[in-house]
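Please keep the sequence and the coordinates at hand while reading.

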Amino acid sequence: MLVAIPFLYAPIAKFSDNHALLINASPSLPNWAFWLDKNFTPSRGALIFFEPPRSELLTGHFGKKPQIFGKRILGMPGDQVRHDGKNGKNVFINNRLVARTKPKTRKGAALTKGPEGIIPDGCYYVGTSHKHGFDSRYREIGFICAPRIIGTGRAIL
């Protein structure tokens, strides 16, 4: 048994380099535990985890070093994003309603509508069905591009 330990270490170390268990503290996702695969293949509907962009708004709401965010990919490169309706409140991807914006955060900070137009190569529109979700519908998050993505996730609990 002791002889087998060195032979098992390398595959276990390689596996742990590419996978992780994540615990969710945010109400914007319905599950509290996720399995992370760092060798991600983005696809519409996939859950991705990413480093959020730095901004005063994020610092004010989540601290100087916010935890990683988890959101679903709603828009892929080449998709068309537009805001419509009163004050651009409705967000459409390829003419399909995917979200509604609100003017302020729960703490009263002003929010600005997110990017519009064609989603660039290597970038994604990410979102959640939670009405208070902080995602691509707001400029403070915007499109999430590949260098920010840590991996895809799968809900386990």
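Which side chain does a polar contact join to that of Lys102? In this predicted model, the partner is His132, and the two side chains are joined at 2.6 Å. Lys102 itself is found in the loop that runs between strand S7 (96-100) and strand S8 (117-118), and, once its neighbours within four places in sequence are left aside, Lys102 is in contact with Leu111, Lys131, His132 and Tyr138. Although Lys102 is buried, it has no salt bridge, and the nearest side chain of opposite charge, that of Asp135, is 10 Å away.

Elsewhere the structure does hold salt bridges, four of them. One of these pairs Asp79 with Arg44, with the closest N and O atoms 2.7 Å apart, and it links distant parts of the chain, since Asp79 is in the loop between strand S4 (69-75) and strand S5 (80-84) whereas Arg44 is in the loop between strand S2 (33-37) and strand S3 (47-50), 35 residues apart. Asp79 is buried, with a relative accessible area of 7%, while Arg44, at 45%, counts as partly exposed.

Another salt bridge joins Arg82 and Asp84, whose closest N and O atoms are 2.9 Å apart; Arg82 is partly exposed at 26% relative accessibility, and Asp84 is partly exposed at 38%. Glu116 forms a salt bridge with Lys113, the closest N and O atoms being separated by 3.1 Å.

Turning to the surface, a nonpolar patch is formed by Leu21, Ile23, Trp32, Ile156 and Leu157, which together have about 530 Å² of accessible area. Of these residues, Leu157 lies in the segment after strand S11 (149-155).

Conventions
Residues numbered from 1 in each chain as written. Predicted model: local features only at pLDDT ≥ 70, side-chain atom pairs only at ≥ 80, totals over all residues. Heavy atoms only, no water. Helix = DSSP H or I, 4+ residues; strand = E, 2+ residues; numbered from the N terminus. Buried < 20%, exposed > 50% of the residue type's maximum accessible area, 1.4 Å probe, protein only. Lys, Arg positive; Asp, Glu negative; His and termini not counted. Salt bridge = Lys/Arg side-chain N within 4 Å of Asp/Glu carboxyl O. Polar contact = N/O pair within 3.5 Å; in protein donor to acceptor, adjacent residues only side chain to side chain. Contact = heavy atoms within 4.5 Å. Patch = residues over 30% accessible without salt bridge, like charges linked within 9 Å, V, L, I, M, F, W, Y side chains within 5 Å. Areas by Shrake-Rupley, 256 points an atom, 1.4 Å probe, with all protein chains shown as cover.
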